[in-house]
Each structure stands twice: as C-alpha cells, then as structure tokens.
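Keep the viewer open as you read.

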Amino acid sequence: MNSYDVAIIGSGPGGYVAAIRCAQLGLKTAIIEKYSTLGGTCLNVGCIPSKALLDSSHHYEDAVKHFEEHGIDIPGDIKVNLKQMIARKQSVVDQTTGGIDFLMKKNNIDVFQGLGSFKDETHIIISGEKETEIEAKNTIIATGSKPSSLPFISIDKERVITSTEALKLKEIPKHLIVIGGGVIGLELGQVYKRLGAEVSVIEYMDRIIPTMDSGLSKELNKVLKKQKFKINISHKVKSVERKGDEVIVKADNKKGEEVEFKGDYCLVSVGRRPYTDGLNAEAAGVKLNDKGQIEVNEHLQTSVKNIYAIGDVIKGAMLAHKAEEEGVFVAETIAGQKPHIDYNLIPGVVYTWPEVAAVGQTEEQLKEAGIEYKVGQFPMRALGRSRASMDLDGFVKILADKTTDEILGFHMVGARAADLIAEAVVAMEYRASAEDISRMSHAHPTFAEAIKEAALAATDDRALHV
Ligand code: FAD
Ligand code: NAD
C-alpha cells in the first residue's frame, strides 16, 4: 500500500494548490479526483468557462453596438456562432486543466482518479477503474461544492438548469428566467443577454448582489436596466413548472401579489452547497455542521487532528482564491510553519461589464459595528481613459476611518475593476490611509486614476477632476 505525508481529496483550486505547496515543502503528496480532469468546479464548470463566455459575448456585443462608432464597418450581418463559442470555451478549459496535469507531474505529486472515501482516519479507499487503498499521515479535504436549489424545483438539466448546463447550451434562449440575482445569475445572464436573449432576474432580497455594499447593488442595477435586463427584486419564487419547451415560474412580489414569468429556459442560481457525498467522513470521525459544511478550527483542522478541510466545503466565501489561500495555509501548517490568512482582505469580484469589485468592510457592516467612517467617491465618467474607451459607468468608493484615515473598504463598479481591486488589497494589507494613496502617482490615462481621485475625495474632499 502506498503511504503519503499528505493526501488531498479533490483537485479544485483549493486541492491542487495545496498539493503543489505540500510538494514544495518536501512532503510526499497524493491528490485524488473523482472526475477524469483536474481543476474542480473552477476550471471545468466555473470561473474559467464562465469568463471565456463572458469574453466572447463581450466581443460580439462590441461588434454589434460599438464598432460603428469607433469607425469600424463590417459588411453584412454580424452573427453569433454559438457552437464555435462553446467549442472555444471548451478548448480554454482543456488547456487549463491540462496545465494542472503538468503541474502535478512537475511537482512529483501522485494523481489518483476515483472517488476518495475514508476507511478510517489514516486510510482512504479510492474507487476508480479499480479499487486502491492508500495511507496518509495527514489528509486535506477539498471536495468543494455543487449547485443548490429550492425544494420545489426539479432541475431537469434541459430547460430548468444550473450554471453547469448554462455553460454549454445548444441554442440562445429567447427568454432566460434567472432565479437568484447573485454572481452566477448576473454573469451568465449577461452572457445570454448580449447574445440576444431576453433576461428576467428574480431576486428574493430587496437588491441584487445583496452581500456586497448597497452602493454597488444600486449602480449595477442601474447599468443592467440600461442594458434591458428585467430585474425583479423582493420576489419570492413559489413554483417552477416545465410544459414542453416552456418554463413557467410563479413568484409573490413585495405586495404579496402573484406574478408569472414564462420563458424557454430557467437558470437556478440561488447559491451552492458544500459537497461531501461519498466521502464517508464519519468513518474517520470528521464532523459536519448543520449547513453540511465540514467543521474546522482556526488552523482549518477538522474534529480529527490530522485531517484538515479547505475551500467551498468549509465556512466562508465560496471563491477560488479563498480556497487557494487556505490550501497554502494548511500545507504550511502541516510543515510546521505558522501561516496567516486575513479573510477581511479576500476580494470579491463580479465579472459583468462593468465589473464589480470590493474588499474590506461595506458601509452596512461599518454602521452595524458602530465605526465612524468617511466616504470618498469618484465617478468613472470623469476619467479621460473612460471616455477614450466609452466605458463611462461606475465609480470607486473608499471608506476610511473618520479619525485615523485608515482605509477600511474599497468598493467599485467599472471597466477592469476586477484588476483594479489588486491595488486596494495591497493598500489595505499595508494598512494604508486614504491620504497615502492620494499621494501616490497613478499613470495617466488609466482607470486606476479613479482610485487616486477617490482617495483624494476621502482625504479632504480634494478630488481634482470633478
Ligand atoms: P471545487 O473547485 O469544487 O473542487 C472540488 C473537487 O473535488 C471537484 O473536482 C470534485 O469532483 C472533487 N471531489 C469531491 N468529492 C470527491 C471525492 N470524494 N473524491 C474525489 N474527488 C472528489 N470563484 C472565483 O473566485 N472567481 C470566479 O470567477 C468564479 N466563477 C465561478 C463561476 C461559476 C459558474 C461557478 C459555479 C463557480 C465560480 N466560482 C468562482 C467559485 C469557484 O469555482 C469555487 O469557489 C472554487 O472552485 C472552490 O474550490 P474548491 O477547491 O474548494 O472546490
Ligand atoms: P450567490 O449567493 O452569489 O447568489 C444567490 C442569489 O440568490 C442571492 O442574491 C440570493 O439572495 C438569491 N436567492 C436565494 N434564494 C432565493 C429564492 N428562493 N428566490 C430568489 N432568489 C433567491 O450564489 P450563486 O450566484 O449561485 O453563486 C454560488 C457561489 O459561487 C457564490 O458563493 C459565489 O461566490 C461563487 N461564484 C463566484 C463568482 C465570482 O467570484 N465572480 C462567480 C460565480 C460564482
């Protein structure tokens, strides 16, 4: 029987990054994945394919709506070739997952394909083409998550679908009904909106992206309405019924009146659930909490001291980069180091266009904590760079401590916000004040100038270009 210092169950961004860091630290490492490709949700049916489709659909929209103004005339009709778009997405996925195979080989990590189940706290049975048993001094559970649904919805994967099916549709929906105005609903909703579908979003809460700062929800709502999204907030979905090629969704609006939506596809994007099916966690004595997550302490150690858990299967934001940080954290912990993760500094991004990005505390959180803060906000449309590319929507908002000027939160909507947020993370990691940022040179013309201007606004209402 093969014996390892560390066995990792699940090869998503949490698992494969943990494996690489363990190998770098000289630990004999194995990784177990039940699917035939490595990379987990993120690489196969999550981050990477969704961004590939967002990019393709963005090009199409630019060609149809903006090329003429830029002085680019294309003779004849511009058409979508959905089959090619989906094929290109798949080739991006294949190249990326293939890259993980390479990284595993390069780092001498043994890859086992099959379902990993605990036999006891140091033995794992892998059921693949044949059954194998391995021994591990330490195990990292990185089994991720799956789409969740509502009890009365039957996901048929044809017309009532999750994100996984929405990434490989064979036709552009005429009317896509999206249940849940969170990240998946809005990103994939925007893909099909750009390709010509009517998109109706039904959100239970009183705003879209409800966990982010309310200023971001308001701005994104405004922009999406301009793009002709139909957004229905404060709607409680009661039933989803398929009749032939039609899907009928019934919901109660804020006044309690029944509203009916009829479409040809319905995307259910109401969150994801931790995934532990087949893991046989109880055989090792690993405890789950009432949300089905694996319970961990501050060292990400489960109820069994040589078994750790990371990523979507434990508490916290379900984000690839959060899973990656935890993978490195656990590898270094096993190697005897004392790593640290500041969860307040894990950024969140929505890859709609304009993009939405944030790090740190929201205004709502600061109010609730009774922390006095000041706000510096700068509109994207005031930048020369924004006018040059016609990306005028959005703003950068900085929240800083009223007394010390330390930055407590960055919130932005705008072109390339997903990349701009890196400056915000660096600033907060080094505990910058708003004035620190306001005194740093930002190249002109860039979208990043909005960060400097927002910092100037927060410092002493000194923004220069408004
Ligand atoms: P996963 O990536 O879910 O990987 C878990 C792996 O474990 C899977 O491959 C699974 O097959 C395997 N597994 C499970 N049980 C077993 C077992 N018993 N034996 C063997 N193998 C097992 N996050 C971002 O940060 N940015 C984004 O842009 C983004 N976009 C997304 C878009 C979509 C459509 C979706 C669905 C998600 C997106 N996410 C994004 C979220 C991101 O994909 C997850 O947060 C991330 O994949 C979690 O990583 P993980 O390693 O914890 O688990
Ligand atoms: P989410 O939590 O982002 O959004 C779900 C939305 O559904 C919320 O707004 C919620 O209020 C709403 N909702 C819940 N129950 C409802 C109901 N009964 N009726 C109507 N609306 C309801 O979840 P998601 O969009 O499904 O994404 C799942 C996870 O994947 C998220 O945790 C997210 O972090 C991750 N993800 C991240 C990215 C990214 O980082 N860009 C992209 C996609 C997914």
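A polar contact here is a pair of N or O atoms within 3.5 Å. Bear in mind as well that you're looking at a predicted model.

With that cut-off in hand, go to ligand 1 and find Glu33. An N or O atom in the side chain of Glu33 sits 2.6 Å from an oxygen atom of ligand 1. How much of ligand 1 does the protein bury? Taken alone, ligand 1 exposes 1000 Å², and the protein buries 95% of that.

Now zoom out to the shell. Ligand 1 is surrounded by 38 residues, and the closest are Glu33, Thr41, Lys51, Gly116 and Ala320. By class, the shell splits into 16 nonpolar, 17 polar and 5 charged residues. Several elements supply at least two residues each, namely α1 (13-24), β2 (29-33), α2 (40-45), α3 (47-65), β4 (115-120) and α10 (320-334). Of the contributors, α2 gives the most, with 4 residues.

Next stop, ligand 2. Here 21 residues form the surroundings, with Ile184, Glu187, Glu203, Gly271 and Val349 the closest. A glutamate side chain shows up again: an N or O atom in the side chain of Glu187 is 2.8 Å from a nitrogen atom of ligand 2. Tyr204 places a backbone N or O atom 3.2 Å from a nitrogen atom of ligand 2, while Met318 has one 3.0 Å from an oxygen atom of the ligand. On its own, ligand 2 has 840 Å² of accessible area, and the protein covers 77% of it. The shell around ligand 2 holds 13 nonpolar, 5 polar and 3 charged residues. Helix α7 (residues 183-194) gives the most to that shell, with 3 residues.

Finally, go back to two helices from the ligand 1 shell, α1 and α10. How do they pack? Their axes come within 7 Å and cross at roughly 30°. Angles under 35 degrees count as roughly parallel, so that is what α1 and α10 are to each other. As for handedness, α1 passes α10 in a right-handed crossing.

Methods:
Residues numbered from 1 in each chain as written. Chains lettered and ligands numbered in written order. Predicted model: local features only at pLDDT ≥ 70, side-chain atom pairs only at ≥ 80, totals over all residues. Heavy atoms only, no water. Near = heavy atom within 4 Å. Polar contact = N/O pair within 3.5 Å; in protein donor to acceptor, adjacent residues only side chain to side chain. Areas by Shrake-Rupley, 256 points an atom, 1.4 Å probe, with all protein chains shown as cover. Nonpolar A, V, L, I, M, F, W, Y, C, P; charged D, E, K, R; others polar. Axes fitted to C-alpha atoms, helices over the stretch in contact; angles between N-to-C directions. Parallel < 35°, antiparallel > 145°, perpendicular 65-115°, else oblique. Left-handed = near helix turned anticlockwise from the far one by under 90°.
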